[in-house]
Amino acid sequence: YATINNTQYMIGVEQIPETKLLIGAMVPAIELDATIKAVGKTMLETGVLSLILGVLIALLIASVIARPITRLSGVMQNFEDDVNVRVKTKSKDELGQLYNSFNKMMDKIQNLLKEVNLLSHKQKDAELKALQAQINPHFLYNTLESINWMAVRSGETEISDMVNLLGSFFRHSLNNGREFLTVELS
């Protein structure tokens, strides 16, 4: 820096390679400061504008990516109340594959629930039939035994013999697990 006629200048000097010549330049410092400030202001404005634009683009991209995920999340929350929920999509990207996998999983869950429901009904029917199968023979045996003792007390040996034979017949047919049994008179 040098002051000439009350004006401050910035002086730059450079030697030309392989010669003894010097090249110099003088620029008023006030012009240089104004140029530096203008360039700095432009860089600051460009930086702020780039930052704002970058944030807006990032928000837009995040929205485009997050919207389908948020939609799937909402559908999954509704699954707790309704197993018929499905997500429609035409997308073939990763989110589309995720939607399709969710739909397949829901189909499998729905089929498994139907199967469990059917098996539960079959199990209840089987338990009821098993209980009936246990109750009927005991009821029949007890009833026949009561009739037999009444016949014995009354001295009716023919009735007692008939009831004993009938009890033996039922015991034989129930113990062999057949529905029908042939009877032959002798």
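Strand E1 (residues 2–4) and strand E2 (residues 7–15) are paired in the antiparallel sense over 3 bridges; helices (H or I, at least four residues) and strands (E, at least two) are DSSP runs, numbered from the N terminus, and two strands pair if DSSP finds at least two bridges between them. The model is predicted: local features need pLDDT of at least 70, side-chain atom pairs count only at pLDDT 80 or more, and totals for chains, interfaces and linings use all residues. Residues are numbered from 1 along each chain as its sequence is written, and side-chain values use heavy atoms, with hydrogens and water left out.

**The sheet**

On the E3 side, E2 pairs with strand E3 (residues 22–28) in the antiparallel sense over 7 bridges. Here Gly12 stands opposite Ala25 in E3, while the bridge partner of Met10 in E3 is Val27. The hairpin of E2 and E3 has 6 residues between the strands, and Glu18 takes a positive phi near 65°.

Together, the 3 strands form an open sheet in the order E1-E2-E3, with antiparallel pairing. E1 and E3 are the edge strands, each pairing on one side only. Neighbouring strands of this sheet are turned by 40° against each other on average, direction ignored; axes are lines fitted to C-alpha atoms, for helices over the stretch in contact, and angles run from 0 to 180 degrees between N-to-C directions. Helix H1 packs on the sheet, touching E2 and E3, and its direction makes about 75° with that of E3; contact means heavy atoms within 4.5 Å.

**The helices**

Leu51 lies in helix H1 (residues 29–78). A nonpolar surface patch of about 690 Å² is made by Leu51 together with Leu44, Val48, Ile52, Val55, Leu56 and Leu59. Patches are made of residues with over 30% relative accessible area and no salt bridge, like charges being joined within 9 Å and nonpolar side chains (Val, Leu, Ile, Met, Phe, Trp, Tyr) within 5 Å. A salt bridge is a side-chain nitrogen of Lys or Arg within 4 Å of a carboxyl oxygen of Asp or Glu.

Helix H2 (residues 94–154) contains Asn103, and Asn148 is also found in H2. Not counting residues up to four places away in sequence, Asn103 touches Arg86 and Val87. With that exclusion, Asn148 touches Ser160, Val163 and Asn164.

| Residue | State | Relative accessible area |
|---|---|---|
| Leu51 | exposed | 59% |
| Asn103 | buried | 13% |
| Asn148 | buried | 7% |

Terms used. Buried means under 20% relative accessible area, exposed over 50%, partly exposed in between (1.4 Å probe, protein chains only). Accessible areas come from the Shrake-Rupley method with a 1.4 Å probe; for residues, only the protein chains shown count as cover.
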